[in-house]
Each structure stands twice: as structure tokens, then as C-alpha cells.
Amino acid sequence: MKQLLLRLKRFCGYLAGFVFFISGILKLMDPVGSSLVMKEYFQFLHIGFMDFSATTAGVIFALAETIIGAGLITGVWRKIIACISIGLQGFFTLLTLLLVIFQPKMDCGCFGEAVHLSHGETFGKNLILLTLLLIYYIPAKHLGETKKKKYVSFGIVCLSVAAFCLYSLLYIPMTDFTDLHPGVIINSAPQTAENTYEAVFVYEKDGQTAEFTLDNLPDSTWTYVSTLTTGNDTQTPSAANISIYDQDGNYADSLLTQGRIIIASFYNDDISQKQLDRTKAFLAQAQAAGFTPVLLTVSGTLDLPYHYFCDYKTLITLNRSNGGATYVDNGSIIRKWSKRTLPDPEDLTTMSEEDSTETFIGRDAKTGLAFQGFLLYVFAVMLLL
């Protein structure tokens, strides 16, 4: 009977640990997305003044989930890990209960961009996890002993997760789960009387946000937050619509669906002259290789014929790297680069000459296999070592 109880408790620990680990890894893979989720929670809890710490808080929470998951799977420091995981899961459960009660228009972010759950589904998931953890911990005297080699496997996994986290902070996600991931087709949105758009500027003051039009901007006591594109669109929603406009307010959505394009995008207005010069040089190289260059920013005045504006949410979805590049071929998103890995002139020339499908498949398969290989490696270390 004691052995059966011990196996049941370990099974519950494995299952809860698996969910914790996967949830944490998916958020660690996309720290920019995690920061967006944290900002939504800060706004929901009326602590918007904490937005400056969103990225740090998101990474810390994701790391905590991942390490706790590894601890539950390997079985190290069982009482300590069980107590911490129950406390953290209890907090998550109470928080999602508030989401169920108030129904804010936000995503729970439990599994990053990979899986989207309703508030009710998230609350149910958290209740199940809390139940598994309580079964695992109570009674604590039956948690069993830990094999010494498991401390070694736990340490290896922690180091591997730290390296994975560092990679994610420096580059774009290995696997893109956003709405504008490689393979998505961008459809143009022709402007008609029934399909009109307007740029709306979001500002913040004393913890409160408000929207303003270009003709009705607030005074200097307000802080700029983002730009949104609003409008009345009677067309059938497409796979992906990206609205861009020039300095005169003329929309040029169809530009992104014509030919081979290299888009350099900045979702943050804090652009140094060095970054701008590097981006201009890169776009000049892309143009020389046969691509149409496009520079997208939230705002600003740049005397460049290929400079257009786009809203913050679209830009941060298009490319998680502020200053990164995206390759689009006749409306199909083919490949993305972070600002640290922009292709050189030789690579641009090669891509312009080869079929875009080869570029897409080659990169997508490589990064997808790398992420899958990492998961197989860490789970093999935790379960077999």
C-alpha cells in the first residue's frame, strides 16, 4: 500500500512538473511576449507604474516555473520544492479566479503564444494542477527519498535552461507562435468608403491611459505609450492584415504583397543614430540584391522614401527584435532575423536568387528541430540520468 501511494504521489509530481516546465520554457523562449503579458496583468491589477519591470518580471516568473518543474520531475529537495510549487500555484489559481470574475480582455499567457486558453479554462487547469500538487505533498512523510544522481541531472538542466534563456533574450524565438509567423500570408486591405482607418495615439498619465487622435494630442504631462490603427472594415477577415501608412496618412497596405520585400521594423521609438545608420545600410544592401526595402516604425520623421508607419502591436508581433528584419515574398512571410543576425550582402543575394520556399523550409526546419532537440535533451537528462 505504501509503495502504491508513493508511486501515485510521484506520478502527480511528474505530471505537475511537466506542465510547469513546458509552461516556463514556452514563456522563456519569447521574453518579449512574456513582458506584454506582464503589462496586461499590471494594468488589470491597477499597478501600471510597474510596466518598466515587465520584461524582468516575466523572465523571473518563467524561470521560476521552469526550475520548479525540473525540481518536481527530478524529485530533488521534495518538501521544499513541493511547498514552493503549492504556494506559487495557489497564487496563480487566485489570480485566474479574479480573471473569471471580472473577465478582462486579455490572455492568461500560461503557455506563451503557443496555446491560448479562456479564463475559465485557465482556472480549471490551475485547479487541477493545485490538486495534483496537494496529492503529491500530503502527507509529506511519504514523499520518498531522492537518488543522489538526480541532483546532478537537476543542475545540468538548470544550466541548460539558463543558456536557453540567454539565447532567447539576445535573439528572436526559435519557434514563432505569433499571428505573423513565417508561412502566414499578408492580404492587402484596399481603402474604400466602407473600409477606412485612423491612427489613434495612446498616452498615459497618473496610471490612467487614454486615446487621442492626431488632431487632438495631449500636453507634455502625458507619456506616449503606443499607436493603434482603428477602423471600419466590412471585408472578410484574412489570414493577416498589416496596415501601413506614409507621413501624409496615405495607406500603402498593398505594398507588402507585391514582390520580394525586406522589412526592417522598430516597435520602440528609442532608436539611436547608430542603429538607424546600420538599418539604412542593411536596407541599401537588400535593395542592391533585388529586394524592395521597407522601414516600419511607430512614429518619427525620417527622410526616407521607404519609411512607413505601423501600430505598436503589429510591429512587435511582426518581429520580436527591435530593429530586426523580415523577409516577405508576394505577401507570404518567409523568414525573420533579430537585429544581431541580419544577413550579409552575400546571403541577401543568395536568397534573392533562390526559391523563397527553400528559404522558408530550410530555416523553419532548422529552428524547429533545434527547439525539439533541446526539449528531448532536457527531458532525457531529467528522466534517464
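**A guided reading of the model**

The protein chain contains ten helices and eight strands, where helices (H or I, at least four residues) and strands (E, at least two) are DSSP runs numbered from the N terminus. This is a predicted model, in which local features need pLDDT of at least 70 and side-chain atom pairs count only at pLDDT 80 or more, while totals for chains, interfaces and linings use all residues. Residues are numbered from 1 along each chain as its sequence is written, and side-chain values use heavy atoms, with hydrogens and water left out.

The mean pLDDT, the predictor's confidence in each residue on a scale from 0 to 100, is 88 for the protein chain, and 90% of its residues reach 70 or more. Over residues 189-197, however, the pLDDT is below 50, although this stretch has 25 contacts in the model beyond near neighbours in sequence, a contact being heavy atoms within 4.5 Å. Residues 232-238 also stay under 50 in pLDDT, and for them the model has twelve contacts beyond four places in sequence.

Of the 385 residues of the protein chain, 48% count as buried; buried means under 20% relative accessible area, exposed over 50%, and partly exposed in between (1.4 Å probe, protein chains only). Among the contacts with a separation of 6 or more, 72% are accounted for by residues 24 or more positions apart. The accessible surface of the chain, computed by the Shrake-Rupley method with a 1.4 Å probe and, for residues, with only the protein chains shown counting as cover, comes to about 19,300 Å², and 61% of this belongs to carbon and sulfur atoms.

We can now turn to the interior. In soluble globular proteins, nonpolar side chains tend to be buried together. A nonpolar core is taken here as a set of buried Ala, Val, Leu, Ile, Met, Phe, Trp, Tyr and Cys residues joined through side-chain atoms within 4.5 Å. The largest such core has 34 residues, and those with the most contacts inside it are F21, I25, F164 and F371. Two or more residues are given to this core by each of α1 (2-28), α2 (31-44), α3 (54-74), α4 (78-102), α6 (148-170) and α10 (356-384), with α10 giving the most, seven residues. If neighbours within four places in sequence are set aside, F371 is in contact with I25, L26, M29, F164, M174 and T175. A second, separate core has 24 residues, including V184, I186, V298 and I316.

Elsewhere in the chain, L283 is found in helix α7 (residues 273-288) and is buried, because its relative accessible area is 1%. Not counting residues up to four places away in sequence, L283 touches I262, A264, P293, V294, L295 and Y306. The C-alpha atoms of L283 and I262 are separated by 7.4 Å, the two residues being 21 residues apart along the chain.

Charged pairs come next. Side chains of opposite charge can pair when their charged atoms come close. The structure holds five salt bridges, each defined by a side-chain nitrogen of Lys or Arg within 4 Å of a carboxyl oxygen of Asp or Glu. In one of them the side chains of R320 and D30 meet at 3.0 Å, N to O, linking distant parts of the chain, since R320 lies in the loop between α8 (312-318) and β7 (324-329) and D30 in the loop between α1 and α2, 290 residues apart. R320 is buried, with a relative accessible area of 9%, and D30 is buried at 10%.

R320 also forms a salt bridge with E113, the closest N and O atoms being 3.3 Å apart. E113 lies in the loop between α4 and α5 (119-137) and R320 in the loop between α8 and β7, so this pair ties together parts that are 207 residues apart in sequence. E113 counts as partly exposed, at 28% relative accessibility.

A further salt bridge joins the side chains of D176 and K336 (2.7 Å, N to O). D176 is in the loop between α6 and β1 (195-205) and K336 in strand β8 (residues 332-337), 160 residues apart. D176 counts as partly exposed because its relative accessibility is 23%, whereas K336, at 7%, counts as buried. Salt bridges that share partners join D30, E113 and R320 into one network.

L98 has its place in helix α4 and counts as partly exposed, at 34% relative accessibility.
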